[in-house]
Amino acid sequence: MNMKQERFEYGCMNDDEWYFLLKSPKGKLILHSDAYPTKEDCCRTIDAVKQYAINAQIIQVDTLEQY
């Protein structure tokens with residue numbers, strides 16, 4: 001696949017839950033999401049990532065909190 005720009009891909013996997021991927025222009029995986037119960041939840045999260053990531057600070061912490 002010859003990709004010319006970064007992109008989100010989303011779909012349903014074998015567990016009937018929805019996931020999304022963020023891929024680089026060369027097709028390298030940058031990010032893989034957690035599972036979402038519905039397509040709408042998955043797409044809503046993609047929109048949130050697009051909205052908030054552009055201005056997000058990059059901060060190194062000593063220990064990451066569990067989510």
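The dialogue below tests the labels given to parts of this predicted model.

Trainee: What makes E1 and E2 a pair of strands?

Mentor: Pairing needs at least two bridges found by DSSP. E1 and E2 share 6 bridges, in the antiparallel sense. Therefore they count as paired. One of the contacts sets Arg7 against its bridge partner Lys23 in E2.

Trainee: How do you know that E2 and E3 pair?

Mentor: The cut-off is at least two bridges. Strand E2, residues 18–23, is joined to E3 by 3 bridges. So the pair qualifies, and the two strands run antiparallel. Lys23 stands opposite Leu29 in E3. Leu21 stands opposite His32 in E3.

Trainee: Which strands are called edge strands, and why?

Mentor: The open sheet has 3 strands in the order E1-E2-E3, with antiparallel pairing. Strand E1 (7–12) and strand E3 (29–32) are the edges: each pairs on one side only. From one strand to the next, the twist averages 25°.

Trainee: Which turn residues take a positive phi in the hairpins?

Mentor: The hairpin of E1 and E2 has 5 residues between the strands, and Asp16 takes a positive phi near 65° there. The hairpin of E2 and E3 also has 5 residues between its strands. In that turn, Gly27 has a positive phi of about 90°.

Trainee: Why is the contact between Arg7 and Glu9 called a salt bridge?

Mentor: The rule asks for a side-chain nitrogen of Lys or Arg within 4 Å of a carboxyl oxygen of Asp or Glu. Arg7 and Glu9 meet at 2.8 Å, N to O. That is within the limit, so the name applies.

Trainee: What makes Lys23 and Glu9 a salt bridge?

Mentor: Their closest N and O atoms are 3.3 Å apart. The limit is 4 Å, so this pair passes. Lys23 lies in strand E2 and Glu9 in strand E1, so the contact ties together parts 14 residues apart in sequence.

Trainee: Is Lys23 buried or exposed, and how do you know?

Mentor: Buried means under 20% relative accessible area. Lys23 has 18%, so it counts as buried. Arg7 has 34%, which lies between 20% and 50%, so Arg7 counts as partly exposed.

Trainee: How many salt bridges does the structure hold, and where is the one with Asp41?

Mentor: The structure holds 3 salt bridges. Asp41 and Arg44 meet at 2.6 Å, N to O. That is within 4 Å, so the pair qualifies. The two residues are 3 apart in helix H1 (residues 39–53), separated by about one helical turn.

Trainee: Why is Arg44 called exposed?

Mentor: Exposed means over 50% relative accessible area. Arg44 has 52%, so the label holds. Asp41 has 23%, so Asp41 is partly exposed.

Trainee: Why does the count come to 0 disulfides?

Mentor: A disulfide needs two cysteine sulfur atoms within 2.5 Å. For Cys12, the closest cysteine sulfur is in Cys42, 9.3 Å away, too far for a bond. For Cys43, the closest is again in Cys42, at 5.5 Å, also too far. The count by this rule is 0 disulfides.

Conventions
Residues numbered from 1 in each chain as written. Predicted model: local features only at pLDDT ≥ 70, side-chain atom pairs only at ≥ 80, totals over all residues. Heavy atoms only, no water. Helix = DSSP H or I, 4+ residues; strand = E, 2+ residues; numbered from the N terminus. Axes fitted to C-alpha atoms, helices over the stretch in contact; angles between N-to-C directions. Buried < 20%, exposed > 50% of the residue type's maximum accessible area, 1.4 Å probe, protein only.
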